[in-house]
Amino acid sequence: MAKYVAAIDQGTTSTRCMIFDHGGQVVAVDQHEHEQIYPQPGWVEHDPKEIWYRTQQVVDGALKKGGVDVSDIAAVGITNQRETTVVWDRNTGEPVYNAIVWQDTRTDKIIDELGKDGGQDRFRDKTGLPLATYFSGPKIRWILDNVEGAAEKAEAGDLCFGNIDTWLIWNLTGGANGGLHITDVTNASRTLLMDLNTLQWDEEICSVIGVPMSMLPEIRPSSEVYGEATGSLGGIPVAGDLGDQQAATFGQVCFDVGDAKNTYGTGNFMLLNTGTEMVPSKSGLLTTVCYKIGDQAPVYALEGSIAITGALVQWLRDNLGLIQSSAEVEALARTVEDNGGIYIVPAFSGLFAPYWKSNARGVIAGLTRYVNKGHIARAALEATAWQSREVLDAMNKDSGVELKEMKVDGGMVVNELLMQFQADVLGVPVIRPAVAETTSLGAAYAAGLATGFWNEIDDLRDNWVKDKEWTPQMDPERREREYAQWKKAVTRTFDWID
């Protein structure tokens with residue numbers, strides 16, 4: 001009888017493998033970072049082969065650290081950084097170019113060209129998404145237009161496209177020797193190529209954007225046995241696949257309409273479960289697939305995507321040298337009482353929700369001689385909370401549901417100063433679960449449900465445990481005054497790039 005479920009969590013800066021027991025507790029974890037490649041301003045790439053190598057490393061590492069035999073694993077689930085685009089040769093398994101990361105803005109001219117007919121919402125009715133550099137479809141087009149021989153190979157049916165989940169599953173199940181070329185509904189819903197109603201690739205949109213249908217993976221449910229792994233996990237069912245934010249929603253057991261979570265990672269992503277009903281956004285949010293369990297109806301979500309949150313702290317560390325490690329930012333921010341009147345709007349790669357302005361760039365507003373590095377650290381943390389407030393406002397407006405609480409997860413939730421400030425500016429309690437790495441947990445849950453390791457979602461609800469709760473303390477008048485200042489600072493980022 002298998003005792004555990006494994007999850008491979010391939011994120012923007014690192015890859016981890018986590019092994020969970022039936023109670024949803026962590027048995028073992030191994031994690032390795034991979035290189036961030038910045039060939040030009042606004043360009044962000046990863047090496048797909050390095051990511052696959054790191055994946056194999058962390059699988060071996062987690063099994064070894066946990067003293068776990070492969071025969072004790074019931075299934076493996078995959079979760080991944082979404083929209084990051086890989087194109088490879090289906091015969092050799094060789095990528096034709098580096099992975100183009102979700103933050104990358106090189107497709108801005110393609111987006112402008114597509115928007116000439118129908119504007120930013122040209123495909124929104126079908127895809128739930130605005131035209132933006134964020135999504136995978138235009139990235140595929142860029143590779144076909146700019147990599148020598150790629151377009152011809154694609155037309156001949158020799159190239160595969162995938163987000164990182166597809167790349168990993170293909171390699172995990174055999175690669176060029178019979179690997180599965182699949183994705184799930186959540187990842188497919190982030191490409192700008194899938195019809196949300198049919199859950200299939202839309203031939204007309206693919207044609208307009210310039211993506212041959214032969215490149216595209218088969219779309220499958222998020223929780224289903226797809227096939228068997230090879231290598232270190234040889235013979236284990238590969239049975240779960242969710243984009244990272246949907247996986248975190250699943251791991252937070254947000255299974256009821258109106259349940260919401262906010263994940264704090266490189267960027268921030270707030271999702272609200274809207275059930276089997278698709279809610280079109282009029283406030284700058286995305287309509288996306290939340291998950292699909294086997295043959296059950298798909299569940300949809302509204303999502304607010306914020307490009308830069310944790311990455312701003314990394315910028316303070318790596319580019320400015322204000323701190324030696326990301327963990328130091330809280331202590332530095334606590335050396336001051338407030339932000340000293342400054343606001344940092346980190347539009348490094350444009351603004352995502354609710355603005356969708358790819359020509360915005362970051363600003364520090366309100367600088368005076370009084371400001372010191374403590375104020376900068378504090379303003380960096382506050383930027384995460386204010387951006388989340390803007391998304392919550394849009395979510396309340398679109399859904400008509402006033403949120404009563406916000407479940408939080410991801411790396412930044414250990415920062416208690418930030419969590420208190422987040423509760424203050426949202427005006428609702430912020431709740432951290434005992435297992436904060438809910439992205440990996442969600443992938444494990446999807447795989448375990450598909451293989452009978454867990455029987456139903458009520459088993460997963462029983463596993464969820466609250467670790468800590470923060471309640472709003474800030475005077476409402478002060479909150480609205482500072483929020484108005486934040487919004488003024490945001491307007492200063494607009495239209496920076498001509």
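**Sheets, helices and rings**

Reader: At about what angle does helix H14 run to strand S1?
Author: Helix H14 (residues 438–450) lies across strand S1 (4–10), strand S2 (14–20), S5, S13 and S14. Helices (H or I, at least four residues) and strands (E, at least two) are DSSP runs numbered from the N terminus. Angles run from 0 to 180 degrees between N-to-C directions, with axes fitted to C-alpha atoms, for helices over the stretch in contact. On that scale, H14 runs to S1 at about 135°.

Reader: Good to know! What pLDDT do local features need?
Author: Residues are numbered from 1 along each chain as its sequence is written, and side-chain values use heavy atoms, leaving out hydrogens and water. This is a predicted model, in which totals for chains, interfaces and linings use all residues, side-chain atom pairs count only at pLDDT 80 or more, and local features need pLDDT of at least 70.

Reader: Which strands stand at the edges of the six-stranded sheet?
Author: This open sheet has the order S3-S2-S1-S5-S14-S13, with mixed pairing; two strands pair if DSSP finds at least two bridges between them. Each edge strand has a single partner strand, so one of its sides is left without a neighbour in the sheet; these are S3 (26–33) and S13 (223–228).

Reader: And which residue in S14 stands opposite Ser 223?
Author: Strand S14 (residues 237–243) runs antiparallel to S13, and three bridges join them. Opposite Ser 223 stands Gly 240.

Reader: What is the bridge partner of Leu 286 in S18?
Author: Let's turn to an open sheet of seven strands, ordered S17-S18-S16-S15-S21-S22-S23. Its edge strands, S17 (286–291) and S23 (466–470), each pair on one side only. S17 and strand S18 (residues 299–306) run antiparallel, joined by five bridges. In S18, the partner of Leu 286 is Glu 303.

Reader: How many nonpolar residues are in the contact of H10 with H12?
Author: Helix H10 (residues 310–318) and helix H12 (residues 373–399) pack at about 160°, with axes 8 Å apart. That makes them roughly antiparallel (angles over 145 degrees). Leu 312, Val 313 and Leu 316 in H10 meet Ile 376, Ala 377, Ala 380, Leu 381 and Ala 383 in H12, where contact means heavy atoms within 4.5 Å. No polar and no charged residues take part; the nonpolar ones number eight.

Reader: How many residues apart are Tyr 134 and Phe 352?
Author: Their ring centres lie 4.4 Å apart with planes at 35°, so the pair is tilted. Rings of Phe, Tyr and Trp (its six-membered ring) pair with centres within 6.5 Å; planes under 30 degrees apart are stacked, over 60 edge-to-face and the rest tilted. The pair links distant parts of the chain, with a separation in residues of 218.

Terms used:
Parallel < 35°, antiparallel > 145°, perpendicular 65-115°, else oblique. Nonpolar A, V, L, I, M, F, W, Y, C, P; charged D, E, K, R; others polar.
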